[in-house]
Each structure stands twice: as C-alpha cells, then as structure tokens.
Amino acid sequence: MIVMRIYKLFILAVSDYCDMKVTYLCEGKTMTELQNTSNTTETETMVTGEREHQSLIISKSIPGALTNHSDVIPRVVIVGAGFGGLRAARALRKAPVHVSVIDRQNHHLFQPLLYWVATAGLSPADICSPIRSILRKQKNTEVFMEEVTGIDFQEQRVLMGDRSVPYDYLVLATGAHDNYFGHPEWGHYAPALKSIVDATSIRRKILLSFEAAEIETDPEKVKALLTFALVGAGPTGIEMAGAIAELAHKALVSDFRHIDTRMARIILIEAAPRILGAFPESLAQKTKQKLVSMGVEVRTGTPVEEVDEHGVVIAGERINASTIIWSAGVSASSAGKWLDADVDRAGRVKVASDLSVPGHPNVFVIGDTASIMQEGKALPGVAQVAMQGGHYVASVIIGRVEGKATNKPFFYRDKGNLATVGRSFAIVDIGNIRLTGFFAWLIWLAVHIYFLVGFRNRLVAIFQWAWTYFTFDRGARLITFENDRDP
Ligand SMILES: Cc1cc2nc3c(=O)[nH]c(=O)nc-3n(C[C@H](O)[C@H](O)[C@H](O)COP(=O)(O)OP(=O)(O)OC[C@H]3O[C@@H](n4cnc5c(N)ncnc54)[C@H](O)[C@@H]3O)c2cc1C
C-alpha cells in the first residue's frame with residue numbers, strides 16, 4: 001500500500017515534468033491561437049517590452065493596462081505568486097486569457113523549507129525561484145513586481161500605489177503573516193519565520209549567539225546566550241527545535257574552543273495541552289519522545305505571558321534566552337480590508353463555495369487568505385489547500401471564458417500531513433496510514449523534493465540532505481549583516 005503510494009508519487013512527479021515539457025513545446029501554438037483570435041497589435045503590446053515601458057511612463061498604469069485587452073482576451077490578474085497564485089497561473093497557461101501575476105517579491109518561496117535556511121542547512125536561493133523564470137515560457141503571462149495596496153471594484157482595477165492594472169477576473173492569493181495575539185511589540189524580540197529575510201535574520205541571531213557565548217566570561221550570560229526558546233509547537237516549531245538541537249549538539253560541537261555547544265538549551269513552548277494539534281495524538285507523542293531524546297525541553301500547557309529582550313515568561317517562570325523564535329500563529333493578509341469583505345477571526349475572507357467573494361463573482365480569494373468551510377470545518381492554512389484552490393479557480397475562469405461554466409463547488413482533497421524532526425525522523429499521516437521514523441522521513445523527503453520548484457533547487461536539496469545525513473554538517477553557516485560594517 002505504502003509502496004504503491006510512493007510509486008504513484010514518483011509517477012506524478014514524472015508526469016508533471018513531462019507535462020511541463022509538453023507545455024513548453026506547445027506554447028508557440030497556443031500563442032498563435034491567441035494571435036489568431038485577437039487583434040494582432042494588441043497581442044503584440046501584451047508581449048512587447050518597449051511598448052510596455054512607454055505605457056508605464058504615460059499612464060502610471062501597469063504595462064498592457066493602456067490597451068483594453070478585455071475587448072479581445074479576458075485579463076486575469078493574480079495577486080501573489082506563492083503556492084496558490086502560482087498554481088492558478090500555471091493552470092491558465094493554455095487558456096485564451098491574458099494573465100498578469102503581481103507579487104511584491106521577485107521570487108516564489110518554498111516556505112516549508114524555510115527552517116532549513118534559518119538553521120544553516122540550505123542557502124536562500126535553494127528554496128526560492130524567480131517568478132519570472134518560472135513563468136518565462138508561459139507566453140500569455142506577464143509578471144510585475146509590485147506591492148498591491150487596494151482594489152477599485154467600480155473600475156475593476158488592482159491598485160499599486162499610484163499605478164493600477166485592470167482585470168476581468170481577479171485572484172487574490174496573498175497568504176498570511178505572523179500573529180502575536182495582541183502583542184505586536186513581541187515581534188521585536190521574537191521574530192517569526194515567514195520570509196527569506198526572516199530566515200536569514202534568524203540564522204544570524206542563532207549563529208551570533210554562539211559567537212557571543214564563545215567570548216563571554218559571565219557564566220549566566222553564556223547560559224542565556226545558549227538558550228533558544230521556540231514559541232508554538234506546530235510543525236514549524238518542532239522542525240525548528242529539532243534543527244537547532246542538531247546544530248548545537250552535533251554540527252557545531254568541534255567548532256568552538258571556549259564553550260561546549262552541547263550545553264545549549266532548546267525549549268519548545270506550547271500553550272495547548274499537547275504539541276502538533278493538527279496531527280493524531282499517537283504521532284504527536286512519538287514526536288515528543290524524539291524531541292526529548294535530542295535534548296529538547298518540551299513545555300506544553302504553558303502560554304507565554306511575556307516576551308522581552310531578556311527572554312520569556314511562561315506560567316510565571318522567567319526563562320532567560322537570547323534567541324526567541326515565534327511560530328505560534330498567523331493571520332491573513334490585508335485582502336479582506338481591500339475587499340471590505342466578511343472575514344473570520346484570523347482576517348481570512350469568507351468565500352463562497354466557488355471561492356469567489358460574495359457579491360463579486362469575478363473576484364476569487366484562495367490559500368491562506370481565504371476562509372473555506374468544508375464539512376462544517378475551516379480548511380487549514382497549508383500549501384495543498386492553496387494549490388488545489390489555485391487549480392480550481394483557474395478551471396472556473398476557463399469554464400466561464402469558454403462558455404462552459406459549471407456550478408461544481410470547490411472540494412479539498414486532503415492528501416495528508418507530514419512533519420519532520422532532525423535529519424532522519426518524520427511523521428506521516430495520510431488517510432489511515434500513520435508512520436514514524438526513517439521510512440516516514442524518506443516519504444517526507446520525496447514529497448518536499450517533488451514540490452520544490454526548479455530542477456537546480458531539487459538537485460541542491462538532495463545533495464545537501466545527503467551531505468547532512470552522513471556528516472551532520474551545516475554548510476550555510478554564514479552570518480550576514482544588512483549593512484557592511486566599517487572596515
Ligand atoms: C515556516 C513555514 C513552514 C510551513 N510548512 C508547511 C508544510 O510543511 N506543509 C504545508 O502544507 N504548509 C506549510 N506551510 C504553510 C504554507 O506555506 C502556506 O499554507 C502556503 O504558502 C499558502 O499559500 P498562499 O498562496 O496562500 O500564500 P503564500 O505562499 O504565502 O504566498 C503569498 C504571496 O503573496 C505575496 N504578497 C503578499 N501580499 C502582497 C501584496 N500586498 N502585494 C503583492 N504581493 C503580495 C507574497 O510575496 C507571496 O509571494 C508553512 C508555512 C511556513 C511559514
């Protein structure tokens with residue numbers, strides 16, 4: 001059964017790869033079809049950089065916005081090129097639509113491996129891919145690096161400061177950001193892991209703590225410098241805790257002369273009665289045992305009461321820790337405010353069964369920004385929900401454009417949950433299958449490599465994992481500063 005699932009995964013990976021190749025080969029034809037069905041001058045404008053530049057200067061509109069493509073080819077604007085937005089864009093690659101993808105970053109980020117960058121296992125470029133390069137062969141698609149600031153429903157335009165772009169269909173896939181539950185000031189001392197910048201600054205913080213401890217003479221200060229507190233024991237918290245434990249207790253041991261990095265204290269703090277609330281209790285229990293065996297202190301049922309520059313207070317106890325990492329919760333992006341829509345407690349837009357915003361049938365919200373109810377429960381903020389949502393919305397748009405619209409509602413197929421601790425232990429919860437240990441870790445590895453965007457990234461990740469597996473070494477132990485220091 002399990003072997004069959006892995007085999008299916010492998011076949012899926014191969015077919016996805018072949019599919020991409022076929023798409024690339026077919027693109028010329030698809031574009032020709034588009035050109036045949038539209039005014040040639042307008043199609044040229046869509047792809048000609050020079051004209052685009054002119055329109056940018058003249059109108060403060062985003063290129064292409066000057067000519068009204070919607071007369072000929074419907075324009076789909078996708079905001080956010082994360083898991084959901086990118087999947088929607090790719091699913092529209094052969095559709096007779098003009099796609100504009102807008103993201104404030106120039107790269108797509110594989111968030112599930114951020115903790116590897118934060119703990120010096122991978123470099124930032126290994127888990128990111130430039131959005132332009134991912135979509136470069138998709139000729140009906142353009143990419144803009146811009147921060148979206150609002151939506152004008154009347155004019156059907158997406159606003160980016162003083163620029164704007166028109167849409168016929170709009171897909172908002174702007175993700176989520178960290179949530180400090182009414183204590184935004186805690187963010188200053190306890191950074192969260194959401195972006196590449198977060199990951200490199202957490203990496204800097206962790207590595208600098210060891211450096212500072214090496215030259216510190218006060219034993220109490222050394223203790224605080226070597227204490228790492230992680231708030232929130234969901235998948236990100238446990239993965240970070242395991243990775244820091246391996247870094248301190250294995251990778252760095254022979255690098256320092258004045259401190260014993262094995263003395264590092266890693267504390268995982270959770271307000272709920274147990275870790276990994278989204279996983280079955282038996283798997284959470286096994287994970288806890290694994291963490292404890294790696295030297296992680298697991299504190300459950302202990303909400304954080306205070307976070308400051310010296311550490312945290314939990315259940316009345318002060319813990320001095322120079323590094324605090326927040327992985328306790330997220331809230332949705334600002335899309336709900338742009339839309340003035342009905343939102344849930346986490347700020348996620350309550351969408352209709354076709355993922356459109358009630359009252360705006362051509363505006364869709366997907367992924368972490370959407371509150372999607374299924375069988376009486378809100379779907380979790382995970383990559384699969386975002387990707388399936390992106391794929392579904394693309395099919396709805398294609399159906400409408402081609403006059404074959406159906407009323408089939410979005411239905412999320414849960415393909416299971418995975419989480420890992422350290423270099424060779426994972427938990428797998430797929431349907432009735434529950435696995436722990438090395439075999440589960442191989443599945444975790446295969447899935448993450450499969451979903452990592454870019455052949456180079458997959459190759460580098462496989463090599464890095466193999467290297468770390470056999471040596472415990474963490475090659476990306478760079479401390480980088482935002483500004484160069486004085487010579
Ligand atoms: C550390 C970490 C680990 C995770 N691990 C897992 C895991 O193991 N498995 C799993 O399934 N899920 C995991 N997740 C959750 C998963 O990454 C998210 O559910 C998923 O990324 C949501 O996809 P999305 O498309 O909604 O948003 P995102 O992937 O977050 O993409 C949002 C995009 O919108 C862009 N954007 C935001 N605001 C604007 C704006 N105003 N203008 C322009 N662009 C904007 C952002 O730059 C970003 O590119 C993890 C998340 C984190 C942070």
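Arg265, Glu297, Arg299 and Glu317 are linked in a network of salt bridges, a salt bridge being a side-chain nitrogen of Lys or Arg within 4 Å of a carboxyl oxygen of Asp or Glu. Before I go through it: this is a predicted model, in which local features need pLDDT of at least 70 and side-chain atom pairs count only at pLDDT 80 or more, while totals for chains, interfaces and linings use all residues. Residues are numbered from 1 along each chain as its sequence is written, and side-chain values use heavy atoms, with hydrogens and water left out.

Arg265 pairs with Glu297, with the closest N and O atoms 2.7 Å apart. That pair links distant parts of the chain: Arg265 sits in strand 12 (residues 265-269) and Glu297 in strand 13 (residues 296-299), 32 residues apart. Strands here are DSSP runs of E with at least two residues, helices are runs of H or I with at least four, and both are numbered from the N terminus. Glu297 also bridges to Arg299, where the closest N and O atoms are 3.8 Å apart.

Are these residues buried or exposed? Arg265 is partly exposed, at a relative accessible area of 27%; Glu297 is partly exposed too, at 26%, and so is Arg299, at 21%. The cut-offs are under 20% for buried and over 50% for exposed, with partly exposed in between, using a 1.4 Å probe and protein chains only.

By this rule the count comes to 12 salt bridges. Another of them joins Asp260 and Arg262, at 3.1 Å between the closest N and O atoms.

Asp368 is buried yet has no salt bridge, and the nearest side chain of opposite charge, Lys194, is 4.5 Å away. For charge, Lys and Arg count as positive and Asp and Glu as negative, while His and the chain ends are not counted. Asp368 is found in the loop between strand 21 (360-365) and strand 22 (370-371).

Asp368 also brings us to the ligand. Which residues are closest to the ligand? Of the 26 that surround it, the closest are Gly84, Asp103, Gln111, Val148 and Asp368; a residue is near if one of its heavy atoms lies within 4 Å. Helix 4 (83-91) and helix 12 (383-401) each supply at least two residues of that shell.

Finally, a backbone N or O atom of Ala383 lies 2.9 Å from an oxygen atom of the ligand. The protein covers 88% of the 990 Å² of accessible area that the ligand has on its own, by the Shrake-Rupley method with a 1.4 Å probe.

Methods. A polar contact is a pair of N or O atoms within 3.5 Å; within protein, one must be able to donate a hydrogen and the other to accept it, and residues adjacent in sequence count only if both atoms are side-chain atoms.
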